[in-house]
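Please work through the exercises below with the sequence and the coordinates open beside you. Each task is followed by a solution that goes step by step.

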Amino acid sequence: MSAPTPPAATAASEAKTHRQTLEALSGLLLVLFVAMLSSTVVSTALPKIIGALNGSQTQYTWVVTATLLTATATTPIWGKLADLFNKKALIQISIVIFVIGSAVAGASQNAGELIAARAFQGIGVGGLQALVQVAIAAMIPPRERGRYNGYLGGVMALATVGGPLLGGLIVDTSWLGWRWCFFVGVPVAVIALALLQATLRLPTVRRDDVKIDYLGATLIAAGVSVLLVWISFVDSSFAWISWPTLAMVGGSVVLLGLAVLVESRAAEPIVPLPIIRERNTALAILASLAVGMAMFGGAVFLGQYFQIGRGYSPTEAGLLTIPLMAGVLVTSVVSGRLITRTGRIKPYIIAGAVVLVAGFAVLSTIDHRTALWFVGIGMFLVGAGVGMTMQNLVLAVQNTVALKDIGAASSTVAFFRSLGGTIGVSVLGAVLARRVTDQITHDLAAAGVPASGSGGGTSALNLSALPEPIVHIIRAAYGDATGHIFLISAVIGIVGIVAAVAMRPVMLRDSLDLPAEVKAVAVAADAIDGAPSVDQVDIARDDENTATRR
């Protein structure tokens, strides 16, 4: 029997026991729960929050988009910092930022202040969504990470089911009020902070030649922000073909082009281009972008559909989203176990992408009178698709890079997924707002009610202050328009299917770091043409995995 290779032996000696891993995961999972809760607890409460603050449909969208935008812009920075500094300290700093943002959001006096506070909160969320994945990747080999993804799926499901229910109960309880939707996460985050201090042990990476690509990060954030501002206001504040459109789109293209140029020359790029050039990594990123656009963009408006379109209370709306979360929980646990058993990941990503599109196709047919059981089937399929794709796409990318690049690779996937979600929410929110406005204007005119009778755009979501005939018109408009944005989500999701099918099948490695043989191939290829040969690297990795199992 041949002796194990030195890298495998090193990885084995560094591996934690199952009990130690679960102890370390406890704090990380609670952190993940806090980050997800910040979005889901608001989902069913947001219609009442915006109504109480006398906000508009555009502001409704930006309360969600602001967090996604800053999380997207800062995720690559957090990931790069994780490759250079202590990961545990960075996670704790993210929690502190998140807590401050939550407290300020709860104290907001108008929709503008709430959007600004949510933007600050998103900086912490960006750190949490990147660093939790990085910390897990630093502890658990890709092959074993599949079964632990089941725990991640369980936390995601709990936060996504419990969040809307909790948010609904809070706004329906008179002595609490909507502000506690933001305050409620503060004590949980403090507990997570203490738990991490006691349980998480990760090696500290210290380098004397640390260089953070602040210019590249600034250009990426600015380019994405300008593009999203244009998406939010085009066709409402100005035309598609106009000087503002030319200035914003042109400016975004220039900024992102400069970002690519800077990243290609930076000593420590925020988004390492050699990693993105690998075939499976590039396709996984493309699939993450599509899944993020479809999932975030579609699911964020379900709470609005049930409350405004169907007339249910926030608590009832939270209960009605349970099928969505049940799908996430079941498929994330089952697919994670199967991936660990077989070492193969591509079939489950393809299946998840197909199921996700099927779910959105079902939801694209709903209106304000659709049977709830039919809506539930569509939501379950969407959740099942998310459970099989979201975490596994991150895992597929982590499997292609060395341990020293885990932070950059993980944050790159999270960046593009969050970017997709931000664009999805902005685009679909703008489409929804336009269709709702047109439908309400048409129906009011047909009913002989002047458009001003609805109270203007700032009060359309405050249904309690409107006469019953107008409330009925608004409910029908929102209920009917929601199906249209799910149709767009289904079309976007097809891109994810194509990307998943094009991915090269590989076996997940059993070691924390890339084997020495694979690194040698990558270095040799890099010396020849400046980038690793994907086929050579993947073939070498498959050979090494086969030898390890034998």
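## Exercises on helix packing and burial

**Exercise 1.** Determine the handedness with which α16 passes α18, and then characterise the geometry and the make-up of their contact.

*Solution.* α16 passes α18 in a right-handed crossing, where a crossing is right-handed if the near helix is turned clockwise from the far one by less than a right angle, and left-handed if anticlockwise. The model is a predicted one, in which local features need pLDDT of at least 70 and side-chain atom pairs count only at pLDDT 80 or more, whereas totals for chains, interfaces and linings use all residues. Residues are numbered from 1 along each chain as its sequence is written, and side-chain values use heavy atoms, with hydrogens and water left out.

Next, take the axes, which are lines fitted to C-alpha atoms, for helices over the stretch in contact, with angles running from 0 to 180 degrees between N-to-C directions. Those of helix α16 (residues 322–342) and helix α18 (residues 372–398) come within 7 Å and cross at roughly 40 degrees. The two helices are therefore oblique to each other, given that angles under 35 degrees count as roughly parallel, over 145 as roughly antiparallel, 65 to 115 as roughly perpendicular and the rest as oblique.

Finally, list the contact, which means heavy atoms within 4.5 Å: among its residues are P323, L324 and I339 of α16, together with G376, F380 and L395 of α18. By class, the residues of this contact divide into 12 nonpolar, eight polar and no charged, where Ala, Val, Leu, Ile, Met, Phe, Trp, Tyr, Cys and Pro count as nonpolar, Asp, Glu, Lys and Arg as charged, and the others, Gly among them, as polar.

**Exercise 2.** Find the angle at which helix α5 and helix α9 pack, and explain why they are classed as they are.

*Solution.* Helix α5 (residues 87–106) and helix α9 (residues 185–199) pack at about 165 degrees, with their axes 10 Å apart. That angle makes α5 roughly antiparallel to α9. The crossing of α5 and α9 is left-handed. Residues that make the contact include K88, I91 and F98 on α5, and V186, L193 and Q197 on α9, and the classes come to nine nonpolar, four polar and one charged.

**Exercise 3.** Carry out the analysis for helix α17 and helix α20, beginning with their axes.

*Solution.* The axes of α17 (residues 346–363) and α20 (residues 468–502) come within 8 Å and cross at roughly 165 degrees, which makes α17 roughly antiparallel to α20. α17 passes α20 in a left-handed crossing. The contact involves, among others, K346, I350 and F360 of α17 and F486, I494 and V501 of α20, and its classes are 14 nonpolar, four polar and one charged.

**Exercise 4.** State how many helices and strands the protein has, and what share of its residues is buried.

*Solution.* The secondary structure comes to 22 helices and zero strands, where helices (H or I, at least four residues) and strands (E, at least two) are DSSP runs, numbered from the N terminus. Of the 550 residues, 57% count as buried.

Key. Buried < 20%, exposed > 50% of the residue type's maximum accessible area, 1.4 Å probe, protein only.
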